[in-house]
Amino acid sequence: PPVTGINEINSIFSGTTTISFELPEQRENSITELKLFIENQDLEEKEFKRLNFTDKSGQTVLFKEILGILTGGFPQELASFIQENHMMFIYGQEESFSEDSLSDKRLVLILEISDTDAVSKILKEWELTMPDDFKNIFDLDTTRVASSNFLDNERRGIQTRYKNFSLPDRSIDYSIVSSLTGRHYLIITNSRESMYSPVDKIKGL
């Protein structure tokens, strides 16, 4: 069984650069300012940088509050299954299928969860509104959806649910992944590649 009190994600992503983003006092401006902040970061392809969120006083903002700010409708019932260990990263996207002005960086959310069955059920219900909830922070054009419903994908035995807008380099992907020590992590991101990369790290591949 996993050892309590150990932040495994810190170990898995040890050596990753941490950058801090100060939330504006006007919280409604958070997404716009965060996207500008991310665009100004220098990232190599396949590189991770950890995002730390602070308030004006320099105090770290609770992760659940961040989820509420960045999504339009974060399910409150999900909050009770989120453990203390979680991280948010920006990721240097390599795979690209279209030439456009959109960012070559992706956002990766990793949350340790306590009940995989309960969380899976919540996520399936959330799929109905997830594209609208994430469209601003993920830069999704929801009019270019490739399928009416979320689809299943499997890679190296890991199941992923995804919806493309309209190609795999601009999507919503989510998966629940078990680490080598038996901890369970929910990953939500906005491309196929930015899902594969953290999954491989958590699985020790």
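Leaving aside neighbours within four places in sequence, Asp200 is in contact (heavy atoms within 4.5 Å) with Arg155, Arg156 and Leu205. This is a predicted model, where local features need pLDDT of at least 70, side-chain atom pairs count only at pLDDT 80 or more, and totals for chains, interfaces and linings use all residues. Residues are numbered from 1 along each chain as its sequence is written, and side-chain values use heavy atoms, with hydrogens and water left out.

- Asp200 belongs to helix α7 (residues 192-202); helices are DSSP runs of H or I with at least four residues, strands are runs of E with at least two, and both are numbered from the N terminus.
- With a relative accessible area of 15%, Asp200 is buried (under 20%; over 50% is exposed and in between is partly exposed, using a 1.4 Å probe and protein chains only).
- Arg155 places its charged end over the ring of Tyr196, 4.1 Å from the ring's centre (the rule asks for NZ of Lys or CZ of Arg within 6 Å of the ring centre and within 35 degrees of the ring normal).

**Aromatic pairs**
- There are 10 aromatic pairs, counting rings of Phe, Tyr and Trp (its six-membered ring) with centres within 6.5 Å; planes under 30 degrees apart are stacked, over 60 edge-to-face and the rest tilted.
- Phe48 and Tyr91 form a tilted pair because their planes stand at 55 degrees, with ring centres 5.0 Å apart.
- That pair joins distant parts of the chain, 43 residues apart: Phe48 in strand β2 (residues 48-54) and Tyr91 in strand β3 (residues 82-92).
- Phe48 is buried at 7% relative accessibility, and Tyr91 is buried at 0%.
- Ring pairs link Phe48 and Tyr91 with Phe13 and Phe89 into a cluster.
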